[in-house]
Amino acid sequence: MSKIPVQFTLNGTEKAVFVDPGANLLDVLRRGVGDLSPKYGCAQGTCGSCAMLIDGELRLGCLTLAEAVSGARIETTGGLQTGEEPHPLQTAFMEGFAAQCGYCTPGMIMAAKALLDRNPNPSRDDVIEAISGNICRCTGYQPIVDAILTAADRMRGRIA
Amino acid sequence: MTLTVETYGTLAEANAARRGDSRYLAGGTLVMRDLNYAVPGLSRVLRVSNPPRAIRQQGERLSMDAGVTMADVIESREAAFLAPVARSVGGPAVRNMATVGGNLFAAHPYGDFTAALLALDGEVQFVDGRTQPMEAFLAERDRAPLVASITMRMPRTGEFRFRKVARVKPKGVSVMSIAAWLPGAPMRVSQVRIAFGAMGPTPLRARAAEQVLEGKVLDASGIERALSVATQGLAPVDDALASAWYRNEVAPVHLRRLLLDEEPEP
Ligand SMILES: Cc1cc2nc3c(=O)[nH]c(=O)nc-3n(C[C@H](O)[C@H](O)[C@H](O)COP(=O)(O)OP(=O)(O)OC[C@H]3O[C@@H](n4cnc5c(N)ncnc54)[C@H](O)[C@@H]3O)c2cc1C
């Protein structure tokens with residue numbers, strides 16, 4: 001089985017890897033590149049724990065053919081902080097106890113980032129819709145929705 | 001088993017390379033699942049590097065390339081009447097990936113978008129240039145060549161309605177979906193087309209209900225007979241979401257709400 005060369009940027013850094021035919025991007029990021037921030041949940045698109053941005057669009061790593069992302073720009077929670085400073089979404093999640101076991105958190109945060117990148121002033125319903133593809137079995141979702149709204153407020157304040 | 005992935009420049013080239021053992025990969029939301037779970041028999045995957053993704057108005061019809069995603073539909077002005085349908089498919093990440101072409105082949109309980117295309121007199125255009133009405137296509141889709149595009153009627157305002165019945169909101173999988181093209185609504189309707197998703201192996205038309213609605217006004221008495229024959233011709237199955245019995249029991253209730261244009265339950 002011959003491997004296929006793939007190049008992409010991951011959180012701003014160029015990466016080049018060889019992938020197996022049919023391998024999914026989540027596997028390649030975790031095992032091939034060492035970015036453990038996107039999580040492996042169901043491997044069928046249902047849980048959302050591997051959600052990431054590919055060329056600015058929210059997608060599921062487990063359902064993305066790795067060799068199809070050649071030349072793409074990939075963003076995961078692994079690259080969200082600036083230096084030592086966490087992203088406002090990460091801070092709001094920590095402060096608002098929006099993470100309990102933490103397994104869904106990277107996917108939740110990337111789904112939230114996809115929303116805030118397009119809509120900096122979302123309603124509560126917008127937030128619920130934005131994370132509707134992400135399952136959390138601990139929090140009951142309310143702290144997550146609150147944290148995303150808090151982060152949005154703070155990010156708007158920062159820009160203003 | 002060794003797996004190969006072959007990438008082609010055009011759909012026609014990919015189609016020419018197809019054999020019994022190969023599977024075309026579009027958005028991948030279903031094919032990648034099968035790859036991840038190493039479904040037996042899946043040994044050749046064919047893909048196209050940049051499949052076309054245009055939406056075009058052609059007189060009274062709208063044409064969509066098979067590679068159009070649910071997110072493309074939601075953003076398109078011409079396809080605004082289909083935005084509620086596209087929005088009912090999966091969550092935001094799935095909608096960025098899931099294509100219209102893939103939805104045509106999605107097995108039960110999926111195929112909500114296809115139910116809408118069936119109601120809107122959809123027609124499938126294959127890469128070899130042949131066309132086929134949606135209903136005939138669905139009956140034999142296992143043998144179909146690759147699909148290049150789909151066309152459908154553009155309904156006038158208020159003539160197209162869609163409901164998805166799910167237990168989880170937002171983003172539940174269909175207990176059923178109902179799409180209806182109701183020329184003349186809310187007054188006297190004619191040439192109605194009603195399609196149910198998740199009420200059979202593929203989306204199916206409720207022909208008996210369509211026929212008795214001819215010339216009727218969409219009020220409680222006008223739709224009464226249609227409700228009594230709503231499930232004729234449908235073939236629901238038991239699954240984890242609902243039994244066939246339950247689906248048959250509630251189908252007329254949901255059809256009534258759609259035909260009377262009642263607000264969907266929150
Ligand atoms: C979490 C989750 C939620 C979902 N929710 C819904 C839902 O609510 N409603 C719903 O309808 N579906 C749902 N789906 C199923 C699926 O995402 C959609 O049906 C989608 O439209 C499939 O398109 P795709 O491009 O991803 O298909 P792919 O996985 O790429 O392909 C699916 C099948 O279609 C064939 N195919 C694709 N394009 C063509 C073509 N041009 N010509 C010939 N054959 C083709 C493929 O060979 C394959 O057999 C969901 C999936 C997931 C993972």
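Some housekeeping. Residues count from 1 along each chain as its sequence is written, and chains are lettered from A and ligands numbered from 1 in the order in which they are written. As the model is predicted, local features need pLDDT of at least 70 and side-chain atom pairs count only at pLDDT 80 or more, while totals for chains, interfaces and linings use all residues; side-chain values use heavy atoms, with hydrogens and water left out.

I start with the ligand. Where does the ligand lie? It lies between chains A and B. There are 33 residues around the ligand, and those that come nearest are Tyr24(B), Thr29(B), Thr99(B), Asp112(B) and Lys164(B); a residue is near if one of its heavy atoms lies within 4 Å. By class, this shell has 16 nonpolar, 13 polar and four charged residues. Here Ala, Val, Leu, Ile, Met, Phe, Trp, Tyr, Cys and Pro count as nonpolar, Asp, Glu, Lys and Arg as charged, and the others, Gly among them, as polar.

In chain B, strand E2 (22-24), helix H2 (31-36) and helix H6 (100-105) each give the shell at least two residues. H6(B) has the largest share, with four. Helices (H or I, at least four residues) and strands (E, at least two) are DSSP runs numbered from the N terminus.

Next, polar contacts, meaning pairs of N or O atoms within 3.5 Å. A side-chain N or O atom of Thr29(B) is 2.5 Å from a ligand oxygen. Alone, the ligand exposes 980 Å², and the protein buries 96% of that (Shrake-Rupley method, 1.4 Å probe).

Now chain A. Strand E3(A), residues 51-54, is covered on both faces: Ala51(A) and Leu53(A) are buried on one side, Met52(A) and Ile54(A) on the other. Buried means under 20% relative accessible area, with a 1.4 Å probe and protein chains only.

What does E3(A) pair with? E3(A) runs antiparallel to E4(A), residues 57-60, with four bridges, and pairs in the antiparallel sense with E5(A), residues 73-75, over two bridges. Pairing requires at least two DSSP bridges. Leu53(A) stands opposite Leu58(A) in E4(A), and its bridge partner in E5(A) is Glu75(A). The hairpin of E3(A) and E4(A) has two residues between the strands, and Asp55(A) takes a positive phi near 50 degrees there.

Last, helix H2(A), residues 88-95: its buried residues are Pro88(A), Leu89(A), Gln90(A), Ala92(A) and Phe93(A). Just after H2(A), Phe97(A) has a positive phi of about 50 degrees.

Key
Polar contact = N/O pair within 3.5 Å; in protein donor to acceptor, adjacent residues only side chain to side chain. Buried < 20%, exposed > 50% of the residue type's maximum accessible area, 1.4 Å probe, protein only.
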